[in-house]
Amino acid sequence: AGHHVGVLDDDVSAEAAANVEEQVSHALTLLVQAVREMASGLSLYEVGVNPEYCSGLVEEAAVLVDSMVTRRVHQKFGDLRINIIKTCLIPFCERLVEGNDEGGNKSEKKVIDISQARLLARST
């Protein structure tokens, strides 16, 4: 029963993380829109702010959003790598070690180990 609770906790935390990501994404979209609107208003002839300054504001907001998105993508790929190690690589290695512990023809096992290691190397 304890195992199922952990799975539910993981689902809840994943859902909460997805909700936070959605809120952050929405906030960043609003930020870029607000900066664009502000820059457009400031660059009006009547206001008299240098248009280059206004376009710089928009560019800085876009750079900020880009860096945050890039950081999040890197984090997601890092999480994916860890998940692959936990769910694929560790069980694979455990089965490989268990197979070697069972005895049998050592040269045949060595050939299997080498071919499995090559497949593993290609997949990472």
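1. Helix 2 contributes the most to the lining of the second largest pocket, with six residues. Helices here are DSSP runs (H or I, at least four residues), numbered from the N terminus. Helix 1 and helix 2 each supply at least two residues of this lining. This is a predicted model: local features need pLDDT of at least 70, side-chain atom pairs count only at pLDDT 80 or more, and totals for chains, interfaces and linings use all residues. Residues are numbered from 1 along each chain as its sequence is written, and side-chain values use heavy atoms, with hydrogens and water left out.

2. The second largest pocket holds about 180 Å³ of space. A pocket is an open set of points on a 1 Å grid over the protein atoms alone, where a 1.4 Å probe fits, with protein on both sides within 12 Å along at least five of seven lines; lining residues have an atom within 4 Å of a point. The volume is the space filled by probe spheres set on the points, which are joined across faces, edges and corners.

3. Which residues line the second largest pocket? They are A14, A17, A18, E21, R72, K76, D79, I82, N83 and K86. By class, that makes four nonpolar, one polar and five charged. Nonpolar covers Ala, Val, Leu, Ile, Met, Phe, Trp, Tyr, Cys and Pro; charged covers Asp, Glu, Lys and Arg; the others, Gly among them, are polar.

4. The largest pocket has about 300 Å³ of space. Its lining has 13 residues, and the closest to the centre are E21, V24, L28, M68 and R72. Helix 1 (2-42) and helix 2 (51-101) are the elements that give two or more residues to this lining.

5. Helix 1 supplies the largest share of the largest pocket's lining, seven residues. By class, the lining of the largest pocket has seven nonpolar, three polar and three charged residues.

6. E52 lies in helix 2. Is E52 buried or exposed? E52 counts as exposed because its relative accessibility is 65%. The cut-offs are under 20% relative accessible area for buried and over 50% for exposed, with partly exposed in between (1.4 Å probe, protein chains only). E52 and A39 are 13 residues apart in sequence, and their C-alpha atoms are 9.7 Å apart in space.

7. Y53 is also placed in helix 2. Y53 counts as exposed, at 51% relative accessibility. Y53 and L42 are separated by 9.3 Å in space, C-alpha to C-alpha, and are 11 residues apart in sequence.
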